[in-house]
Amino acid sequence: MLRRTWTRLYSMNSHVASQFKNQNLLKTEAFVNGKWVSSGKTFAVTDPAKDTDNELAQVTDMPTDAFESAVEDAYTAFASFKKVSGRDRGAMLQKLYQLMIDNADDLAKLIVLENGKPYADALGEVKYSASFFQWFAEEAPRVYGTVIPSADSQKRILALKQPVGVCGIMTPWNFPSAMISRKMGAAMATGCTVVIRPASETPLSALALAYLAEQAGFPAGTVNVLPSSSASASGKVLTQHPKVKKVSFTGSTRVGKILMEQSSSTLKKLSMELGGNAPFIVFEDADLDAAAQGAMVSKFRSSGQTCVCANRLYIHEKVYDEFAKKFVALVNKTKMGYGLDEGITHGPLINQKSMDKVREHIDDAVKKGAKVLAGGNKLPNLGENFHELTVLGDVTKDMVITQDETFGPVCPLIKFSTDEEVIAAANDTDVGLAGYFFSKDVSRLFTVGEELNVGMIGVNAGGISEAALPFGGVGEAGFGREGSKYGIDDYTVVKAMVVGL
């Protein structure tokens, strides 16, 4: 049973709250059917950069029956929202975009506090997140159908694109704002309604988005955000509820497979953005300064905790030593620490589990002959979740780090000799999300680009993500595309009408 809560900051750390200009962004209740509600039970949200006095807030913990009720509310709201014109839905999305830009400083601080990434990174995420609302505001009036000529001259075939219905959205902690907006923007543009379960580590950014959606004028029931400490229980509701017609999930391949299996009973439409093991290739003719800068952007953004991070760096043997020198020099210029402090470039890992994996990969590689070229150590003086940006040299394919996504600040350098060798090595994985290569040879744009078995490729670019990009992978990295004009398709169904004259 849900109850209405009237004390907005009843469980928000007072020191945290004092840092924000817009106090209305600080929400600890769920947003369901246009109301802020609580279950009466809470879970703690903590600052990963702190070891003590790290509790940010007690956030309401929504039970499974609350998710079931939210789906019913979203289903009711869908009946009318799908009839709102694309132009009007676009106007709401554009207003939501502007509200995010107007509140960017506060939203960035919120990400720093619950996620740990430095302020500059967090501000970049807020702008990136907002860009999806802007992009899909422009796409909303252009969800076009098609008139198809019939073989029968007395008939016409109309193919109409219609919203799929209620969408269940489940997002991870590493981009607590952008992973929601990339899905929600497309859903709302088509006329779908959404029930969102954010990661339990980072629900505050999601609840701030719910508040801004309310201010942007989205009708009650169209946007619902429910924090929960039980990912499995709430996920099961969203995957098995017959009135949820689409599920979009970003997370691990293991969990993605479970959600797919649960969804099979109702044959839902699915989008899955799952694990990665991105190769980053530096050919012998590459601009090594650009390649080193690109590797920094790709590998160490958010301390290596992104799904498109370079996980395996393949460096041609002729330029290996020079690249390593340039790359290590860039790594040594970084500064780790608390995300709101001046000049900080990199922050902590999200939790101890992530730290354990980082240590496992480093220890295994060193044991098997890898050399530590930079970093290699924990930073307990900063906090239990801090680890140096680490570069490992002379890495070989028998080391765990080449086979398993680290999702942390460890970069392995691997030598190669031929194009054929490196393409085979790069494709030696079941997960094909992103890949990168640096070369001045324009023919490699096709010979390498077409051979890499990934969904997205950066060519002479370490950063690839933007709203215009069709974001998604192949193989066990998932399916479906987010962002771009293709992002609309996963939230629509095609209805064919044959009209006799």
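**Entry 1: ground rules.** I am working from a predicted model, in which local features need pLDDT of at least 70, side-chain atom pairs count only at pLDDT 80 or more, and totals for chains, interfaces and linings use all residues. Residues are numbered from 1 along each chain as its sequence is written, and side-chain values use heavy atoms, with hydrogens and water left out.

**Entry 2: domains.** I looked up the domain assignment of the protein chain, which gives domain 1 (14–274 + 479–496) and domain 2 (278–468). Such bounds come from an automatic or database domain assignment. The C-alpha centres of domain 1 and domain 2 lie 30 Å apart. Their contact takes 30 residues from domain 1 and 29 residues from domain 2, where contact means heavy atoms within 4.5 Å.

**Entry 3: nonpolar cores.** I needed two terms here. A nonpolar core is a set of buried Ala, Val, Leu, Ile, Met, Phe, Trp, Tyr and Cys residues joined through side-chain atoms within 4.5 Å. Buried means under 20% relative accessible area, exposed over 50%, and partly exposed in between, with a 1.4 Å probe and protein chains only.

Which residues touch the most other members of the largest nonpolar core? Among its 71 residues, they are Met-184 and Phe-218. Helix α7 (residues 203–216) gives the most to this core, with ten residues. Helices (H or I, at least four residues) and strands (E, at least two) are DSSP runs, numbered from the N terminus. Domain 1 and domain 2 each give this core at least three residues.

I then listed the contacts of Phe-218, leaving aside neighbours within four places in sequence: Phe-81, Met-92, Leu-93, Leu-96, Met-188, Ala-213 and Val-223. Another core, of 38 residues, lies apart from the largest one and includes Ala-286, Met-296, Val-431 and Ile-464.

**Entry 4: a residue in α2.** I picked Ala-70, which lies in helix α2 (residues 64–81). Ala-70 is buried, with a relative accessible area of 0%. Beyond its neighbours within four places in sequence, Ala-70 is in contact with Val-32, Val-195, Asn-224 and Leu-226. I also noted Thr-222: it is 152 residues from Ala-70 along the chain, and their C-alpha atoms are separated by 9.8 Å.

**Entry 5: salt bridges.** A salt bridge is a side-chain nitrogen of Lys or Arg within 4 Å of a carboxyl oxygen of Asp or Glu. By this rule I have 17 salt bridges.

Lys-183 forms one with Glu-482, with the closest N and O atoms 2.6 Å apart. Lys-183 is in helix α6 (residues 178–190) and Glu-482 in the loop between β22 (478–479) and β23 (492–500), 299 residues apart. Are these two buried or exposed? Both Lys-183 and Glu-482 are buried. A network of salt bridges links Arg-182, Lys-183, Glu-273 and Glu-482.

Glu-284 and Arg-444 meet in another salt bridge, at 3.5 Å from N to O. Glu-284 lies in the loop between β13 (278–282) and α10 (288–300) and Arg-444 in helix α14 (residues 444–447), so this pair ties together parts 160 residues apart in sequence. Glu-284 is partly exposed at 33% relative accessibility, whereas Arg-444 is buried at 6%.

The pair of Asp-394 and Lys-371 has its closest N and O atoms 3.0 Å apart.

**Entry 6: the largest pocket.** On a 1 Å grid over the protein atoms alone, a cavity is a set of points where a 1.4 Å probe fits but cannot get out, and a pocket is an open set with protein on both sides within 12 Å along at least five of seven lines; lining residues have an atom within 4 Å of a point. Grid points are joined across faces, edges and corners, and a volume is the space filled by probe spheres set on the points.

The largest pocket has a volume of about 1400 Å³. Of its 48 lining residues, Trp-173, Gly-251, Ser-252, Val-255 and Lys-353 are the closest to its centre. Which element gives the most to the lining? It is α9, with six residues. In α9, Thr-253, Gly-256, Leu-259, Gln-262 and Ser-263 are buried.

**Entry 7: cavities.** I found four cavities of 30 Å³ or more. The largest cavity holds about 70 Å³ of space.
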